[in-house]
Amino acid sequence: MKALVWHGTTDIRCDSVPDPGIEHPRDAIIKVTSCAICGSDLHLYDHFMPGMKSGDIMGHETMGEVVEVGAEAKGTLKVGDRVVIPFTIICGQCDQCRRGNFSVCERTNRNGEMAAKAFGHSTAGLFGYTHLTGGYAGGQAEYLRVPFADATHIKVPDGIPDEKLLFLSDIFPTGWQAAVQCDIEPTDTVAIWGAGPVGQMAIRSAILLGARQVVAIDRIPERLAMAKAGGAITINFDEESVVERLNELTGGKGPEKCIDAVGMEAHAAGTVDAMYDRVKQATMMETDRPHVLREMAYVCRPAGTLSVPGVYGGLLDKIPFGAIMNKGLTIRTGQTHVNRWTDDLLRRIEEGQIDPSFVITHTVGLEQGPEMYKIFRDKQDGCIKVVLKP
């Protein structure tokens, strides 16, 4: 089969690789009908995340049709089922899964000892991500083996295009969880740093959850235009002060809720701390660039909430924890517990409350994936979200 394969920093190739097969009775094999490139894939493309190996198959936003089912998964899946595959691999049986904390499943990371050394405890296995999260083959391919498939799937109905359903795999529930973690009240201003795909979903989620006003912060015109079309007030951080504008919008009190939809590769050209972070990262004295976290901690209203769906991989510097503590801020983070939210989100799609396909700007064949990684990373050609068709 054809698949997008990681060979090193900025080196993604469309290679011929062996077809996957059933390795365990709980497995299933799906024929991929649509997949996507995620912003967190760029952390692998640029090799900011450790644990990648040449030959790893990329991708964790995938859907398709079941073509083979292991003996222990036949009670819940059958050949021909149409499924979206969450990026988190879940057993459905451990203590964390029973609590709905699916992204920290205790059983699915087959490299759990390695992850525990890095993070203190293992987290769930993830598709198409680093060997810290199990080293599982990803779904930017013609076929995908789904481990623990009896739990790791979302059945979806026929008659709804892939494009409306695909993002149930990651970015839609990720934006939704980011907003839910804010405990939004009708009087709240929700400020969202980053108007990429997750930020766009967080904007619409915050509006659906009843925020008084939602503010999107970015510098890419196409992203800001999409955010405005979704109901957000926009701030271009290249043209005005984020802190001054947020204070103006909130009567000097600051937003009650702040969402970091950027993560470890924050860009803040011209700011002192951004230059500091780039030097620290280049000299391997810091893994991540936390400009957004600093700015959120500074501008957030006392007793407010910082929600962090943006991916961080390691060590940060100069975090103003004194401000966080003295202002009484709550920080809520985490990879997304996808299956906790998908029944509700699928219902909202079916009822027409939201059509997640609005975020798609490019749909191409799998073989064009390598060049689309660069276009997406460099924000060329108005690119906001890429869907691949194997």
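This is a predicted model: local features need pLDDT of at least 70, side-chain atom pairs count only at pLDDT 80 or more; totals for chains, interfaces and linings use all residues.

Reader: Which residues of H5 are buried?

Author: They are Ile171, Phe172, Pro173, Thr174, Gly175, Trp176, Gln177, Ala178 and Ala179.

Reader: Against which elements do the buried residues of H5 pack?

Author: The partners are strand S5 (61–69), helix H6, strand S14 (257–260), strand S15 (305–308) and helix H12 (338–350).

Reader: How should I describe the packing of one helix on another?

Author: Two packed helices are described by the angle between their axes and by the distance between those axes. In the case of H5 and H12, the angle is about 105° and the axes are 10 Å apart. Angles of 65 to 115 degrees count as roughly perpendicular, and H5 and H12 are therefore roughly perpendicular to each other.

Reader: Which residues make the contact between H5 and H12?

Author: H5 contributes Phe172, Pro173, Trp176, Gln177 and Val180, while H12 contributes Val338, Trp341, Asp344, Leu345, Arg348 and Ile349. Sorted by class, this contact of H5 with H12 has eight nonpolar, one polar and two charged residues.

Reader: At what angle do H5 and H6 cross?

Author: Their axes cross at roughly 50° and come within 7 Å. H5 and H6 are therefore oblique to each other, and H5 passes H6 in a right-handed crossing. From H5, the residues Ile171, Phe172, Thr174, Gly175, Trp176 and Ala179 meet Pro197, Val198, Met201, Ala202, Ser205, Ala206 and Leu208 of H6. By class, the contact of H5 with H6 has ten nonpolar and three polar residues, and no charged residues.

Reader: How may the spacing of residues along a helix be understood?

Author: An α-helix has 3.6 residues a turn, so residues three or four places apart point the same way. With that in mind, one may turn to the contact of H6 with H7, where Gln200, Ile203 and Arg204 in H6 meet Arg223, Met226, Ala227 and Ala229 in H7. By class, that contact has four nonpolar, one polar and two charged residues.

Reader: How are the axes of H6 and H7 arranged?

Author: The axes of H6 (residues 197–208) and H7 (residues 221–229) come within 10 Å and cross at roughly 15°. That makes H6 roughly parallel to H7. The crossing of H6 past H7 is right-handed.

Reader: Which UniProt annotation covers residues 197–266?

Author: An unreviewed UniProt entry carries the annotation "domain: Alcohol dehydrogenase-like C-terminal" for residues 197–266. Over these residues the chain is 41% helix and 20% strand, and the end C-alpha atoms lie 15 Å apart.

Reader: Finally, how should I read the backbone angle phi?

Author: Most residues other than glycine have a negative phi. In this model Lys318, which is not a glycine, has a positive phi of about 55°. Lys318 is placed in the loop between S15 and helix H11 (321–326). Lys379 likewise has a positive phi, near 55°.

Reader: Where does Lys379 lie?

Author: Lys379 is in the loop between helix H13 (369–377) and strand S18 (386–389). With a relative accessible area of 29%, Lys379 is partly exposed.

Terms used: Residues are numbered from 1 along each chain as its sequence is written. Side-chain values use heavy atoms; hydrogens and water are left out. Axes are lines fitted to C-alpha atoms, for helices over the stretch in contact, and angles run from 0 to 180 degrees between N-to-C directions. Helices (H or I, at least four residues) and strands (E, at least two) are DSSP runs, numbered from the N terminus. Angles under 35 degrees count as roughly parallel, over 145 as roughly antiparallel, 65 to 115 as roughly perpendicular and the rest as oblique. A crossing is left-handed if the near helix is turned anticlockwise from the far one by less than a right angle, and right-handed if clockwise. Contact means heavy atoms within 4.5 Å. Ala, Val, Leu, Ile, Met, Phe, Trp, Tyr, Cys and Pro count as nonpolar, Asp, Glu, Lys and Arg as charged, and the others, Gly among them, as polar. UniProt positions are given in the numbering used here, feature names are shortened, and annotations may be inferred rather than shown by experiment. Buried means under 20% relative accessible area, exposed over 50%, partly exposed in between (1.4 Å probe, protein chains only).
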